[in-house]
Amino acid sequence: MLHHVDIEALRRAFRRQKRQANAGVDGITVAGYEQDLEANLHDLCSRVHTGRYRPQPVRRVYIPKADGGRRPLGVPTLEDKIVQSAVAETLSAIYEADFLGFSYGFRPGRSPHQALASLHTAIMSQRVNFVLDADIRSFFDSVDHEWLLRMLAHRIADPRILRLVRMWLEAGVLESGVKYETSTGTPQGAGISPLLANVFLHYVLDLWVHQWRRRRARGRVTIVRYADDFVMGFEKEADAREMLVDLKERLAQFGLPLRANDDETSTTREFTLEGAGNVSTW
């Protein structure tokens, strides 16, 4: 597979980079790299194919959140962005044939508006009487590296591609001049992270839910997922309650916690069950 990551693929990946994007730990910008672009890309391609390419730590910055907090964001070096984008392009061509139709996040030709439209259609036409709205807490920081690499190996036989992914996962984070090792998670901001997240959730959640509703459900079950957020609709309340229990157990097997209720005085409640005109929190 690595032969697809050639000069042309790297050139396309470079053209996808935002010119005003912040530089990584090496300080190299798009404008600076472009001054000797062809020589730089040929050298990068040679290093990738001879095993001399080594990712650098991701520079961590923080961006403000609407609730007043801060969200960590990873800023890889430009060359790491280029190689990741080229590899993601190749992997996407493979996994687009596998991903299920209710997955909308970070996929070519799909958008949040389409996800909302699909959810609206499901609720209005599929006899949805109860809704489970789920959010995986700190998903991108919780992805287990070994599980992810095992999942990739189901479809990707080229050990060089798997080696690249492992190196990106283990490149570490540089914050205030201090390097931190990364044993779990995929850095937000890295070009390969959205695809890796979709692969992980494809195996952990999508395929499992698809089998569950075929084998266990008594009524209709729908799901729409966008990245690590997903909404499930149920015809039968018993299915919703059973899914609540089974889903928590399923995600826990892979180290994925569900976001707890904001009310610290209450017991841990990860879902809201919404009925016709009535909302009750579990």
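## Buried and exposed

A residue is buried when its relative accessible area is under 20%, exposed when that value is over 50%, and partly exposed in between. Leu44 has a relative accessible area of 0%, so Leu44 is buried. The model described here is predicted.

## Overall build

The protein chain has ten helices and nine strands. Its radius of gyration is 21 Å, close to the 19 Å that the globule rule gives for 282 residues, so the chain is as compact as a globular protein of that length. Along its principal axes, the C-alpha trace spans about 65 × 40 × 30 Å.

Of the contacts with a separation of 6 or more, 70% join residues 24 or more positions apart.

## Surface and charge

Buried residues make up 46% of the 282 residues. The protein chain exposes about 14,400 Å². Carbon and sulfur atoms supply 49% of that area.

The chain carries 38 positive and 36 negative charges.

## The nonpolar cores

The largest nonpolar core has 71 residues. Those with the most contacts inside this core are Leu10, Val87, Phe139, Leu152, Phe200, Met232 and Leu256. Helix H9, residues 193-215, gives the largest share of the core, with twelve residues. A second, separate core has seven residues. Val128, Val131, Val224 and Val231 are among them.

Leaving out residues up to four places away in sequence, Phe200 touches Phe139, Val143, Asp144, Trp147, Leu148, Met151, Phe254 and Leu256. Two of these partners, Phe139 and Leu256, are also listed among the residues with the most contacts inside the largest core.

## Leu44 and its surroundings

Leu44 lies in helix H3, residues 37-50. Beyond its neighbours within four places in sequence, Leu44 is in contact with Leu10, Tyr33, Tyr53, Glu79, Ile82 and Val83.

Leu10 is one of these partners. Leu44 and Leu10 are 34 residues apart in sequence, with their C-alpha atoms 8.6 Å apart in space. Gln20 and Leu44 are 24 residues apart in sequence and 22 Å apart in space, C-alpha to C-alpha.

## Gln20 in a loop

Gln20 sits in the loop between helix H1 (7-15) and helix H2 (30-34). Is Gln20 buried or exposed? The relative accessibility of Gln20 is 75%, so Gln20 counts as exposed. The cut-off for that class is over 50%.

## Two positive phi values

Most residues other than glycine have a negative phi. Ser138 has a positive phi, near 50°. Ser138 is in the loop between strand S3 (130-135) and helix H6 (139-142). Its relative accessibility is 39%, so Ser138 counts as partly exposed.

Ala227 also has a positive phi, near 55°. Where is Ala227 found? Ala227 is in the loop between strand S6 (221-226) and strand S7 (229-234). The relative accessibility of Ala227 is 10%, so Ala227 counts as buried.

Conventions. Residues numbered from 1 in each chain as written. Predicted model: local features only at pLDDT ≥ 70, side-chain atom pairs only at ≥ 80, totals over all residues. Heavy atoms only, no water. Helix = DSSP H or I, 4+ residues; strand = E, 2+ residues; numbered from the N terminus. Rg over C-alpha atoms; globule rule 2.2 N^0.38 Å. Buried < 20%, exposed > 50% of the residue type's maximum accessible area, 1.4 Å probe, protein only. Contact = heavy atoms within 4.5 Å. Areas by Shrake-Rupley, 256 points an atom, 1.4 Å probe, with all protein chains shown as cover. Lys, Arg positive; Asp, Glu negative; His and termini not counted. Charge placed at Lys NZ, Arg CZ, Asp CG, Glu CD. Core = buried A, V, L, I, M, F, W, Y, C linked by side-chain atoms within 4.5 Å.
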